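Here are my notes on this model, for your review. Please read them with the coordinates open.

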Amino acid sequence: MRTFVAGQEAYGDLEFAELALGIDVDLFRGPLESETDSERAAREDAAREILADLRAEAAAGDEIAGWDALYADALTRTVPFLRSVRGFRPGTGEAA
């Protein structure tokens, strides 16, 4: 069975949520692979700006933007398991 959201095919649960909600999970949560300090800073700056825009739209009466803001804000508080273990090399089971 194939799943479509707004005319685009979703190839998994995460992609379905991203298409349905319009929220890029990696932007708010962070990527599963490592990123440099400058990449992280740029991603977090963009996420803060988008979250501020969503909150402003919600304050102006856009209920969907309000729910999106809550979801995006919750994502900023999550850390993928593989990233949470310092010095761990993903896929190897060994310390770096």
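The points below go from the overall fold to single side-chain pairs.

1. Basis. This is a predicted model: local features need pLDDT of at least 70, side-chain atom pairs count only at pLDDT 80 or more, and totals for chains, interfaces and linings use all residues. Residues are numbered from 1 along each chain as its sequence is written, and side-chain values use heavy atoms, with hydrogens and water left out.

2. Fold. The protein chain has 5 helices and 4 strands. Both are DSSP runs numbered from the N terminus (helices H or I, at least four residues; strands E, at least two). The order from the N terminus is β-β-α-α-α-α-α-β-β.

3. Burial and surface. The chain has 96 residues, and 25% of them count as buried. Buried means under 20% relative accessible area, exposed over 50%, and partly exposed in between (1.4 Å probe, protein chains only).

4. Helix 3. This helix covers residues 37-59. Its 23 residues should span 33 Å at 1.5 Å a residue, and the end C-alpha atoms are 33 Å apart, so the two agree. The expected span is 1.5 Å times one less than the number of residues. Gly61 follows the helix, with a positive phi near 110 degrees.

5. Packing of helix 3. Which residues of helix 3 are buried? They are Arg43, Ala47, Leu51 and Leu54. They pack against helix 2 (25-29) and helix 4 (63-76). Contact here means heavy atoms within 4.5 Å.

6. Salt bridges in general. The structure holds 6 salt bridges. The criterion is a side-chain nitrogen of Lys or Arg within 4 Å of a carboxyl oxygen of Asp or Glu.

7. Asp26 and Arg29. These two form a salt bridge, with the closest N and O atoms 2.4 Å apart. Both lie in helix 2, 3 residues apart, about one turn. Arg29 is buried at 16% relative accessible area, whereas Asp26 is partly exposed at 32%.

8. Arg43 and Glu35. Their side chains meet in a salt bridge of 2.7 Å, N to O. Arg43 counts as buried, at 12% relative accessibility.

9. Arg48 and Asp45. This salt bridge is 2.5 Å, N to O. Arg48 is exposed at 52%; Asp45 is partly exposed at 38%. Elsewhere, salt bridges with shared partners join Arg55, Asp73 and Arg77 into one network.
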